[in-house]
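My entries follow in the order I made them.

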Amino acid sequence: MQERPYVISIAGFDPSGGAGLLSDSKTFEQSKVMGLGVCTALTLQTASKCLSLEWRPVDEVVEVIQVLMENYLISAVKIGIVKDAEFLGKIIKAVKAGNPEVKIVWDPVLKSTSEFTFFDLETLPQLKHIVNTISLMTPNYNEYRILKENNLLPDTNKCSLLIKGGHRKDLLGTDVLVENGTETLLKPKDDNKICFPKHGSGCVLSSAITAELAKGENKETACRKGKLYIEKFLKSNPSLLGTHSS
């Protein structure tokens, strides 16, 4: 009997291990789910900057997804960096073909903190219908503003929205979960002032939430547990590369 549910991270490879597939894998392991991985891009980066990016052909990405979906009972999928809206759409289609009921979380990485652009912003208008086919989006506050300005926020009756609060000036650290048009504030713990900035913190939060959804938690509970995980991660040490603990 499979004790841990299977979860796939579909994301980029970051050799520093702070973001992408390696980071998601660490999070999945500590969250007690079985993590599988599909690489969307090879990056050359450190904890402080991204130097280069090489996208994998989408057909190769889809082929790996199909093999994993055919051979494992996948409960949830986390999607990280993708090239553009078409790339994202093909990934989601392949996942749903394998399991129409699978929970899909997309962490829309448009730019890195060091301003390296990942997503082709010219394809943003194509996102409107794509995002309403997934379970949850987890943009940071800057990405949320871009999506809102372009009228690309999901219909939260179809796809819930978690607006991460790490980049906002007011209510720093307060996340906002929007489900069925209703907002729920997820506030940080009182001792959150001792947190340190971390490379890949958005990847860690979204993969922690995905793990909780795979274990059967509802979205609000999954987001609250994910927030507890990321707060512990942010407090783990003063460097840009955090350490994981359950």
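I looked up α1 and α6 first. Helix α1 (residues 20–30) packs on α6 at an angle of about 45 degrees, with the axes 9 Å apart. Axes are lines fitted to C-alpha atoms, for helices over the stretch in contact, and angles run from 0 to 180 degrees between N-to-C directions. Helices are DSSP runs (H or I, at least four residues), numbered from the N terminus.

I note for the source that this is a predicted model, where local features need pLDDT of at least 70, side-chain atom pairs count only at pLDDT 80 or more, and totals for chains, interfaces and linings use all residues. Residues are numbered from 1 along each chain as its sequence is written, and side-chain values use heavy atoms, with hydrogens and water left out.

I checked the handedness: α1 passes α6 in a right-handed crossing (the near helix is turned clockwise from the far one by less than a right angle). G20, S23, D24, T27 and F28 of α1 touch C203, V204, S207, A208 and A211 of α6, contact meaning heavy atoms within 4.5 Å. I sorted these by class and have five nonpolar, four polar and one charged. Ala, Val, Leu, Ile, Met, Phe, Trp, Tyr, Cys and Pro count as nonpolar, Asp, Glu, Lys and Arg as charged, and the others, Gly among them, as polar.

Next I took α6 with α7. They pack at an angle of about 140 degrees, with axes 8 Å apart, and are therefore oblique to each other. The crossing of α6 and α7 is right-handed. Among the α6 residues that meet α7 are V204, A208 and E212, and the α7 side includes K225, Y229 and F233. I count eleven nonpolar, two polar and four charged residues in that contact.

I then turned to the second largest pocket, with a volume of about 170 Å³. Q30, S31, A208, E212, K215, K225, L228, Y229, K232, S245 and S246 line the pocket. Which helices each supply at least two of the lining residues? I find α6 (201–214) and α7 (219–234), and α7 gives the largest share, four residues. The lining has three nonpolar, four polar and four charged residues.

Last, I looked at helix α2 (residues 58–71) and helix α3 (residues 85–98), which pack at about 20 degrees with axes 9 Å apart. That makes α2 roughly parallel to α3. Their crossing is right-handed. V58, V61, V62, I65 and M69 of α2 meet F87, K90, I91, A94, V95 and G98 of α3. I record nine nonpolar, one polar and one charged residue there.

Notes. Angles under 35 degrees count as roughly parallel, over 145 as roughly antiparallel, 65 to 115 as roughly perpendicular and the rest as oblique. On a 1 Å grid over the protein atoms alone, a cavity is a set of points where a 1.4 Å probe fits but cannot get out, and a pocket is an open set with protein on both sides within 12 Å along at least five of seven lines; lining residues have an atom within 4 Å of a point. Grid points are joined across faces, edges and corners, and a volume is the space filled by probe spheres set on the points.
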